[in-house]
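Okay, thanks everyone, I'll keep this short. Let me put the sequence and the model up, and then we'll walk through the sheet and the pocket.

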Amino acid sequence: MKLGEVGLLTNDVIKLANFYKKLLGVDNSSDDMVHQTIISEETMLTVYNDGTEKNNQNQNICLAFTVEDMDEAYRKVLELGVKIIEAPTVRPWGATNMSFYDPDWNIIYLRSFSK
């Protein structure tokens, strides 16, 4: 068995999908207000409105993305105007991590590994 999809439930698919398209540098050519697939590789990332009201207090899930250039990724995140939890920090094991909230207050981690 393998993980097939991570879905983010939201009240505003357009807003959240546009955020992830900018963050990840992808264009899915969709303006669907109910469901959008952002990443469609082995594990998909989708944004979906299932018709129920969300409270945007998502404190039990986080997403982590691996980036090649943390400085570039950090500049992009700052341009998106999100609330930073932790600026890029080198960890004892050599990885550099940063964290922030997406527009629905999901916690997002970016990480890069020393070469």
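Predicted model: local features only at pLDDT ≥ 70, side-chain atom pairs only at ≥ 80, totals over all residues.

Residues are numbered from 1 along each chain as its sequence is written, and side-chain values use heavy atoms, with hydrogens and water left out.

On confidence, pLDDT is the predictor's own score for each residue, from 0 to 100. The protein chain averages 92, and 99% of the residues score at least 70. Going by element, β3 has the lowest mean, 91, and strand β5 (residues 84-90) the highest, 97. Helices here are DSSP runs of H or I with at least four residues, strands are runs of E with at least two, and both are numbered from the N terminus.

Now the sheet. We have 3 strands in an open sheet, ordered β1-β3-β2, with mixed pairing; two strands pair if DSSP finds at least two bridges between them. The edges are β1 (5-9) and β2, each pairing on one side only. On average, neighbouring strands are turned by 25° against each other, direction ignored.

What makes it mixed? β1 and β3 run parallel, joined by 5 bridges, whereas β2 and β3 pair in the antiparallel sense over 4 bridges. A hairpin of 4 residues connects β2 to β3. Across that pairing, Gln36 has Val47 as its bridge partner, and Ile39 stands opposite Leu45.

Helix α1 (residues 13-24) lies across β1, β2 and β3, at about 10° to β2. Contact there means heavy atoms within 4.5 Å; axes are lines fitted to C-alpha atoms, for helices over the stretch in contact, with angles from 0 to 180 degrees between N-to-C directions.

The largest one has a volume of about 300 Å³, and of its 13 lining residues the closest to the centre are Leu24, Ile39, Thr43, Leu45 and Phe65. The volume is the space filled by probe spheres set on the points, joined across faces, edges and corners.

Which element gives the most to that lining? β4, with 4 residues.

Methods
1 Å grid on protein atoms, 1.4 Å probe; cavity = no way out; pocket = protein on both sides within 12 Å on 5 of 7 lines; lining within 4 Å.
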